Amino acid sequence: MDTTAVAKTGTEGKLWGGGSQPLKASYGKLMMWFFILSDALTFSGFLAAYGFSRFKYSSEWPIADEVFNHFPFLHGTDAPMFYVALMTFILIFSSVTMVLAVDAGHQMNKNKVVTYMALTILGGLVFVGSQAWEWANFISGEYGAVETRSGKILQFVDASNDNKRISITDIAMGESGTERTRHNESEGIWYMSEKDLPSVTLQQVKTGFEANENLRVRTMTLNEEGEKTVLDRATSLDYLNNRGIGIIEGANLTKNEYGAPLFADFFFFITGFHGFHVFSGVVILCIIFFNVLLGTYERRGSYEMVEKVGLYWHFVDLVWVFVFTFFYLV
Amino acid sequence: MAHDTAHHDSAAAKKRIWKVFGILSVLTIIEVILGYIRPSALVHTDIIGMSILNWIFIILTIYKAYYITWAFMHMEHETKGLRRVVVWTGVFLICYLIAILLIEGGYIEQVYTDGYITWEF
């Protein structure tokens, strides 16, 4: 093909003159970087949208330390952030084992690649499991709240106990004040049923609240100290009796007992999308892992595929570092 | 001989990995401790519209992100061209996005607070 006439450009031999690989990266790796960059922009979009909503409701956003304060086997203990810190360590450590697998691949050491990749997959699975536990706690909730007609929530504290939160099920007493029962599919004319009714009714909470002089209402509004505002007894009664319209227990996509409904939406969406990345990362790791076991890359003479999946895995870790900061710390 | 060199490189690479792991761990622990104690001096002092504590968290996070990208994703071994294509593009677009959305969010918050309509009734 040397005979093909191509005009000389005068840039032959220069880095970008053509015929060379200026970025010195293989096609696959380059494409992985492209993907990571676009995915990073997607996550930034989500996190920036979270920031937007948070700025919009900055005077009433839930306090993360109060929402995420569970730790396995330490039921009832207030342990803010420790669990999520543990999850962060698990993910960082799985990143370390991943990079060690890549390094072993450079030395064409199949056994080590296998060990380290297995550890990485294990770390990923533990992380996804931890996230499921976190979700379960978030969804089931702890104290419950009363919804007001303007869509805000009222939480309850015990003034005799240092304004500690108190659960609506502990407050509730007396008659339920309603004949309402759960609507089952069998009773409807169309195949529809509803979810479980709240464990207590608004009427019971009102009765219980009036009976105990020490109870106070806590609103969503943050005060100067950055804490939720606790109302005095008279205002508490006024808010509860005149504004309360229903009970909220736990969290779903439209309501949550922690505060602004958007908070739960973003939590589900962003950690869910990240969890989905971890999960797909585990699946891809498994595929590569079995290829390593079968000796595919040994025969190919290069473990670059491990490096590529490694890039993806580190990216998932990278995203988590930001999610951790913006959801749990800031 | 070639084998020796490879072995030496690998030892250096391993050392680097564990060092970076150490740095990332220490930074995370600092974040968790600060997040747990929330020293009031840091929480209640603002710089450019945000508390010092939040600035510390964000700077530490970016520092962690730098180590993950450079050491774990081997960005430090890539050519200058690839590095710039990926990092500059991302950083520029993300800064733009964040600036636009946060300014707008702050504005809406102001409308909610200072407007003549009550949102709590």
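This is a predicted model: local features need pLDDT of at least 70, side-chain atom pairs count only at pLDDT 80 or more; totals for chains, interfaces and linings use all residues.
Chain A contributes 60 residues to the contact and chain B contributes 52 residues, and together the two chains bury about 5000 Å², of which 76% lies on carbon and sulfur atoms. Of the area that chain A buries against chain B, 13% is supplied by A:Trp33, A:Phe52 and A:Leu329, more than by any other three residues.

Three salt bridges are found across the interface of chain A and chain B. Four helices of chain A, namely α1 (27-56), α3 (82-106), α7 (233-243) and α10 (304-329), each supply at least two residues of the side that touches chain B, and the largest share, 14 residues, comes from α1(A). One of the salt bridges joins the side chains of B:Lys14 and A:Asp103, with N to O at 3.8 Å.

A further pair consists of B:Glu78 and A:Lys29, whose side chains meet in a salt bridge at 3.6 Å, N to O. This pair crosses between chains, from the loop between α3 (52-72) and α4 (80-114) of chain B, where B:Glu78 is located, to helix α1 of chain A, which holds A:Lys29. Both partners are buried, B:Glu78 with a relative accessible area of 9% and A:Lys29 with a relative accessible area of 12%. The side chains of B:Arg38 and A:Asp65 likewise meet in a salt bridge, at 3.4 Å, N to O. Here the crossing runs from B:Arg38, in the loop between α1 (2-37) and α2 (40-43) of chain B, to A:Asp65 in helix α2 (residues 64-67) of chain A. B:Arg38 is partly exposed, with a relative accessible area of 28%, whereas A:Asp65, at 15% relative accessibility, counts as buried.

Over all chains, the count comes to 13 salt bridges. Within chain A, A:Glu213 forms a salt bridge with A:Arg233, the closest N and O atoms being 4.0 Å apart. Because A:Glu213 lies in the loop between α6 and β4 of chain A and A:Arg233 in helix α7 of chain A, the pair ties together parts that are 20 residues apart in sequence. The accessibilities of the two partners are 55% for A:Glu213, which counts as exposed, and 13% for A:Arg233, which counts as buried. Salt bridges that share partners also join A:Lys29, A:Glu307 and B:Glu78 into one network.

Attention then turns to the nonpolar interior. In soluble globular proteins, nonpolar side chains tend to be buried together. The largest nonpolar core of the model has 94 residues, and those with the most contacts inside it are A:Met117, A:Phe138, A:Val292, A:Val306, A:Trp320, A:Phe327 and B:Phe72. Helix α10(A) gives the most to this core, with 16 residues. When neighbours within four places in sequence are left aside, A:Trp320 is in contact with A:Val84, A:Met87, A:Thr88, A:Leu91, A:Phe127, A:Gln131, A:His274 and A:Tyr328. A second, separate core of 17 residues includes A:Ile168, A:Val200, A:Leu202 and A:Leu231.

A:Leu202 is also among the buried residues of helix α6 (residues 202-211) of chain A, together with A:Gln204, A:Val205, A:Lys206, A:Gly208 and A:Phe209. The elements of chain A that cover the buried residues of α6(A) include the strands β1 (145-148), β2 (153-158), β4 (215-222) and β6 (244-248), as well as the helices α5 (168-171) and α7.

A:Lys24 has a positive phi of about 50° although it is not a glycine, and its place is in the segment before α1 of chain A. A:Lys24 is exposed, with a relative accessible area of 60%. For A:Asp162, phi is near 60°, again a positive value in a residue other than glycine. A:Asp162 is found in the loop between β2 and β3 (164-165) of chain A, and this residue is exposed, with a relative accessible area of 64%.

Notes. Residues are numbered from 1 along each chain as its sequence is written. Chains are lettered from A and ligands numbered from 1 in the order in which they are written. Side-chain values use heavy atoms; hydrogens and water are left out. Contact means heavy atoms within 4.5 Å. Buried area is the accessible area (1.4 Å probe) that two parts lose on being put together, summed over both. A nonpolar core is a set of buried Ala, Val, Leu, Ile, Met, Phe, Trp, Tyr and Cys residues joined through side-chain atoms within 4.5 Å. Buried means under 20% relative accessible area, exposed over 50%, partly exposed in between (1.4 Å probe, protein chains only).
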